[in-house]
Amino acid sequence: MSDTTIPATPRWNLDRPFLTGRFHQEVKSPSQKTQASKPFYLDLSSRGNEKDIASFAVSVQEPFLIEDLLYALVGIEGRYISIKRIKGKEGYVVFQIDTSMDLALQELTSRIFPLCEAYVLVSHFVETRSYFKNGLVNHALAAAMRAFLLDYQAMVAQLEHQFRLGKLSSQGLWFFCQRMMSSMNALAILVEKAIIDNVSGSATLNLLQSQVKAMAGDNAVRSLLERMTECASDAYFSILERWVYEGVIDDPYGEFFISENKLLKKESLTEDYDAKYWEHRYKLKDGVPSFLRSVSRTILTTGKYLNVMRECDHHVQVPLSENSKLTSFGPNHEYLERIKAAYDFASGELLTLIKNKYDLIGKLKSLKRYLLLDQGDFLVHFMDIAREEFSKSPKEVSSEKLQSLLDLALRMTAAASDPCHEELTCCVEKGSLLKTLATLKDLPEPASVANDAVIEDTDLVEPVNISGLETFSLSYKVQWPLSLVISRKALTKYQLIFRLLFHCKHVSRQLCTAWQSHECFRACKILGTPILRSSILCRSMVKFINSLLHYLTFEVLEPNWHKMHDRLLTAKSIDEVIEFHDLFLHKCLKECLLLSPQLLKKVEKLKSVCLQYATSIQFLMPSISVPPEREIKSAKTAGIKKSHLMEQQLNLALQNTTISDSIMKFEKEFNAELQSLIPILSSNSSQSEPYLTHLAQCIVGVRNDQ
């Protein structure tokens with residue numbers, strides 16, 4: 001309750017003990033005691049001069065004792081009964097009787113003293129727990145105890161009336177007090193534990209519940225404690241009712257078992273990768289009431305759902321009726337059924353709102369279409385018109401220019417008919433895919449990749465020079481409340497998959513261009529030449545990258561997407577939607593090797609070799625295949641065919657060892673990387689990662705073709 005504003009108790013309520021019933025606890029000096037210890041008697045003239053109690057006969061001592069006991073029963077000192085406060089224990093007192101009194105009367109009095117001491121303790125608890133700072137539950141419990149004390153005081157008043165009529169003896173007083181002994185003693189035990197543990201809110205209710213169970217053998221005391229529990233829980237149920245039916249925490253003293261962190265804003269879901277809005281904006285505190293422990297999560301979730309709808313300006317309230325009120329606590333546990341009904345209503349309303357009004361499924365399909373490259377026609381056009389920008393370093397790439405080129409590509413392809421394409425944006429990351437993965441520490445790594453330690457450290461070096469293409473990524477604008485499902489973290493996972501697919505597409509395009517460079521030699525005799533070796537190597541590389549793309553798209557993304565889609569259609573709550581979506585992303589990341597850095601680095605190394613080869617071939621082949629224009633004209637004049645001229649040009653080029661050495665180098669490096677990857681995939685797939693079996697089979701097919 002440190003962060004709540006609690007009204008202060010007026011000072012006069014503490015400084016004037018006669019208003020609070022604490023005057024008997026004041027420590028009196030000897031000079032004061034002779035004056036202050038005399039109580040007010042109705043008939044002072046009949047008392048005569050004060051004498052030692054032992055000087056009176058027993059028949060005379062008994063009326064004096066009864067009168068003092070009537071005062072003691074309401075916590076006031078008498079002439080022969082004194083009260084002493086226990087040092088260090090506020091509210092605890094000890095009653096003492098004049099030792100010169102008759103022994104039989106002393107024995108009888110000592111039996112009644114526990115009732116007097118319990119009354120003082122309970123009265124002290126009622127007074128102190130009525131202060132603002134102690135909370136609504138303690139206020140309600142104190143009010144219930146005060147009502148009980150009024151009945152008790154009425155009993156004392158009736159006994160006093162009988163005494164004034166001369167009809168009350170000491171034995172009669174003891175007889176009438178026994179009815180209250182067990183009840184007051186039970187309340188005193190409850191108060192003592194409450195004071196020691198300084199309980200409030202849920203802790204008070206839990207204490208009451210435990211005391212009710214402890215008194216199972218005494219029906220009268222049990223019913224009293226149950227009534228106290230019901231009164232105290234009424235205040236708690238009023239807080240619970242507003243939360244479950246309206247999604248509002250009306251908890252001025254911080255007693256509710258759900259806390260709200262107002263510093264967390266819903267906007268953080270789209271901005272912060274580590275946003276904890278959904279988990280920590282509202283969360284359970286320690287000390288849930290025992291009778292609500294089994295449904296604490298349901299209660300938390302119900303209010304969260306209502307809050308989401310209120311944040312969407314979709315004002316909705318659980319339908320109320322006389323039977324749906326949560327203002328009573330009883331053994332039939334009807335409140336549990338009402339809480340479950342409120343949860344079902346809130347869950348259904350929010351799920352309908354997100355699916356229908358905000359088109360969750362449509363947005364997820366749009367993410368699949370663009371970030372998972374389900375619709376790739378716009379991407380081909382975009383990569384063509386943005387080639388120059390992609391060739392720059394990441395710092396030199398203009399995000400604004402890329403955005404305009406992306407908009408142009410979207411408008412010129414089939415994506416123009418999709419209303420969601422306007423939500424796409426471009427972004428340029430700070431580092432490569434491997435570097436980005438290294439910064440995301442919360443991504444779990446499969447246990448099976450422990451075998452990847454066989455990879456040499458030289459293979460794990462981050463490339464020094466990277467282009468804008470390697471750091472390019474698409475992003476997607478997500479509005480509330482869809483950001484609960486498609487959060488910044490979820491969108492980052494989509495982007496990781498996109499960057500992997502996008503780079504694979506780029507490598508495939510470059511290899512296809514390199515393959516086209518070999519086509520001009522089809523009419524030539526290239527048997528036994530490096531050109532034939534290069535052609536075979538290029539075909540293997542193309543097959544490798546196409547097999548990788550086939551695995552990523554048709555064996556990972558598509559099956560997992562359809563599983564998630566089917567689950568979302570049958571989801572019963574937004575929490576299930578979030579769970580299914582997160583599971584889909586996790587499986588995709590895992591099966592795309594993005595959670596296995598060592599395996600991913602081997603694949604990245606192979607792609608790097610393919611890119612280097614494609615670049616070299618595109619540079620070397622034109623120098624072989626395109627003779628100078630003047631030679632072509634002179635050959636035509638001499639009647640020489642162009643193919644014969646290219647063969648002559650090819651023979652001359654083959655004398656240059658640079659071409660053959662380069663092709664041999666790339667072939668050796670590609671084959672070595674491919675052969676080192678296969679054992680790792682086979683080892684992991686045979687143990688705990690069966691999804692790698694498909695990838696291993698694809699790569700084995702590439703190697704066999706060689």
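Is Tyr 277 buried or exposed, and what is its relative accessibility? At 6% relative accessibility, Tyr 277 counts as buried, a word used for under 20% relative accessible area, with exposed meaning over 50% and partly exposed the range in between (1.4 Å probe, protein chains only). The close-ups below show this residue and others.

This is a predicted model, in which local features need pLDDT of at least 70 and side-chain atom pairs count only at pLDDT 80 or more, while totals for chains, interfaces and linings use all residues. Residues are numbered from 1 along each chain as its sequence is written, and side-chain values use heavy atoms, leaving out hydrogens and water.

**View 1. Tyr 277 and Trp 480 form an edge-to-face aromatic pair.** Their centres are 5.6 Å apart, with 90 degrees between the planes. Rings of Phe, Tyr and Trp (its six-membered ring) pair if their centres lie within 6.5 Å; planes under 30 degrees apart count as stacked, over 60 as edge-to-face and the rest as tilted. Tyr 277 belongs to helix α10 (residues 277–280) and Trp 480 to the loop between β6 (472–476) and α19 (488–518), so the pair ties together parts 203 residues apart in sequence. Helices (H or I, at least four residues) and strands (E, at least two) are DSSP runs, numbered from the N terminus. Trp 480 is buried too, with a relative accessible area of 15%.

**View 2. Trp 243 and Tyr 282 make a tilted pair.** Here the ring centres lie 5.2 Å apart and the planes meet at 55 degrees. Look for Trp 243 in helix α8 (residues 219–246) and Tyr 282 in strand β4 (residues 282–284), 39 residues apart. Trp 243 is buried at a relative accessible area of 0%, and Tyr 282 is buried at 7%.

**View 3. Phe 382, Phe 390, Phe 472, Phe 498 and Phe 502 are linked into a cluster by ring pairs.** A search of the whole structure finds 26 aromatic pairs.

**View 4. Helix α3 (residues 58–72) packs with helix α4 (residues 103–128).** The angle is about 5 degrees and the axes are 11 Å apart; axes are lines fitted to C-alpha atoms, for helices over the stretch in contact, and angles run from 0 to 180 degrees between N-to-C directions. That makes α3 roughly parallel to α4, a label for angles under 35 degrees, with over 145 being roughly antiparallel, 65 to 115 roughly perpendicular and the rest oblique.
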